[in-house]
Every structure is written in structure tokens, then in C-alpha cells.
Amino acid sequence: MRLIDSHCHLDFPDFDADRNEVLNSARAAGVQGFVLAAIGRKHWPRLWRVVEQHQDCYGTLGLHPYFLADHQPDDLHSLRQQLQLYRQHPRLCAIGEIGLDWQLADTDRKLQQFYFEEQLKLAQEFSLPAILHVRKAHADAIAALKRIPLARGGIIHAFNGSYEQAQEYHKLGFLLGIGGAYSWPNARKLRSLLPRLPLEWLVLETDSPDMAPAFVTSQRNSPEHLPQLCRLLASQLLNIPPEQLAHQTSTNLRRLFGWA
């Protein structure tokens, strides 16, 4: 079984003590690629150090809506400079993690929207896909993507919307990231939705070290858990062989990023 973790944060300090061991363990279990999603300007160098140390790690650049208080308008200028610098790098795969998060208390929605739309324009300019973080803001995110369409689409990380929203994202060229959230018994909405979604719309992710699945409660999440996530999703909800799910989701991701 061959898999790609379409969204993780292996550059986080949580992995400083054993990053190589985690990567080797995941590789031995069948994970052949790792997409590291950026969160903010001060962390970009950290992320790219990891990417350049490991041939199967791929990186993004972006400003995460959750960390709005850390961002400055000049960060958008810096982002453009970094995209210019890395545009020929074979493992720059997307702008991200960007988006809208209306679940945050006391957030400045206008400022979130500003950073989101400016980064979508950069994705247009550099012809890159975008990795989107969207919580309780799907209608606004879809509206923004219709105003600023991306030729190469992208991924909706940790998708937990409706079937109708999934259809809208598909029309806009986006894949849906599925991680450990479905494994929790109270995720009834997501568990009922997943069997309705075509496999061609999906990619698998861990969001490590966060969003641990039910079978690793109170532990750090890790790409090592992706094969088990795939097996459980395939057998418990989709009623297909895990190898089929692994192959199709990896094919979807390779097609999105233009990987051979």
C-alpha cells in the first residue's frame, strides 16, 4: 500500500527529537510522500530546512488564518519574494495553509478575508494550487474562489462541510482532505457524508502533530498513522480494499501537483 500524507507539520518542534525516526517508520509502513503546510512567515525557514533535508518532503508557503495576530501586511510582500525565490524549486507544491476560520472567537473577519484573497491572487500569479483551512466559512470561501478562481485548484484541508459544498469545491478544482476526524464516533455528519463522495475527490492527511484519530488519543499525531487511517476508512465506511483507496488518493494528489 502506497500513500502520501497531503497535510502535515513535520517541521513543528513536536518532532525535533525524533523527526528522522518518524519519517523512517512512516516510509516503512508505505507512506511515500509528505506535504508540509506552512503557517506563518517566521516559520517558513524552519519548514524549508526539513524539506531540503528529505527528498520525499514537499513544502508550501502561506499565512494561516488561525495565526492572524502574528501576521503583518508586509508579510504578503515577503510571501511574494519567497515564492519568487522558490518558484523553480521542484518541491514547492502549493500556497498554503491559507483560508477563513469563522469559528475563532473575536476574530477580525475583514482582515482574515484580506489575507485570504491576497494570497489567492498570489496563487493565480504563480500558477500554484492552494491548500485551504476553512471552518464554518465554506460559503464565504467558495464565494472568494469564484471571484478569484485558481487554474490549478487545490485542497480543502480537513473537509467537514456538506455534500453540496463538496460539489462546489469539486467544480472549482479542489480536492477534499480527509484525516482522523472521521474515526471519532461523534463525527456522525462526516461519517455519513464520506461514502457519498467519489474517490476521485479525496486525498488523505494526518495534520500531524494535531487532529489525532480516535485510536491514538492523548498521543502526538504522526504520518505513521496514515496507513491505519486508510485501512479503517476503506473497510468501515467505504467498503473497498485499502489498496484501492491508497492508490486513488495518491493518484489524485499527484495529478493536482503535477508529480510524475
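**Entry 1**

I began with Pro209, which lies in the loop between strand E8 (202-204) and helix H8 (226-238). I note here that the model is a predicted one.

I found another cis peptide bond from Gly96 to Glu97, with omega near 5°. I placed Glu97 in strand E4, which spans residues 92-101.

**Entry 2: positive phi values**

I next looked up residues other than glycine with a positive phi. Ala158 has a phi of about 50°. I located Ala158 in the loop between strand E6 (154-157) and helix H6 (163-171). I recorded Ala158 as partly exposed, because its relative accessible area is 25%, and a residue must be under 20% to count as buried.

For Asn239, I read a positive phi near 55°. Asn239 sits in the loop between H8 and helix H9 (242-257).

**Entry 3: helices H5 and H6**

I turned to helix H5 (residues 138-147) and its approach to H6. The two axes come within 11 Å and cross at roughly 20°. I therefore describe H5 as roughly parallel to H6, since angles under 35 degrees count as such. I noted the crossing of H5 past H6 as left-handed.

I then listed the residues in contact. From H5 these are His138, Ala141, Ile142, Leu145 and Lys146, and from H6 they are Gln165, Glu168 and Tyr169. I sorted the residues of this contact into four nonpolar, two polar and two charged.

**Entry 4: strand E3 and its neighbours**

Which strands are joined to E3 by bridges? I found strand E2 (residues 31-36) joined to E3 by three bridges, the two strands running parallel. Within that pairing, Phe34 has Cys57 in E3 as its bridge partner. I also found three bridges that join E3 to E4, again in parallel. There, Leu61 stands opposite Ile95 of E4.

Is E3 (residues 57-61) largely enclosed or exposed? I found that five of its five residues are buried, so E3 is largely enclosed by the rest of the structure. I checked the side-chain directions as well: Cys57, Gly59 and Leu61 point one way from E3, while Tyr58 and Thr60 point the other way, and all are buried.

Definitions and conventions. Residues numbered from 1 in each chain as written. Predicted model: local features only at pLDDT ≥ 70, side-chain atom pairs only at ≥ 80, totals over all residues. Heavy atoms only, no water. Helix = DSSP H or I, 4+ residues; strand = E, 2+ residues; numbered from the N terminus. Buried < 20%, exposed > 50% of the residue type's maximum accessible area, 1.4 Å probe, protein only. Axes fitted to C-alpha atoms, helices over the stretch in contact; angles between N-to-C directions. Parallel < 35°, antiparallel > 145°, perpendicular 65-115°, else oblique. Left-handed = near helix turned anticlockwise from the far one by under 90°. Contact = heavy atoms within 4.5 Å. Nonpolar A, V, L, I, M, F, W, Y, C, P; charged D, E, K, R; others polar. Pairing = 2+ DSSP bridges.
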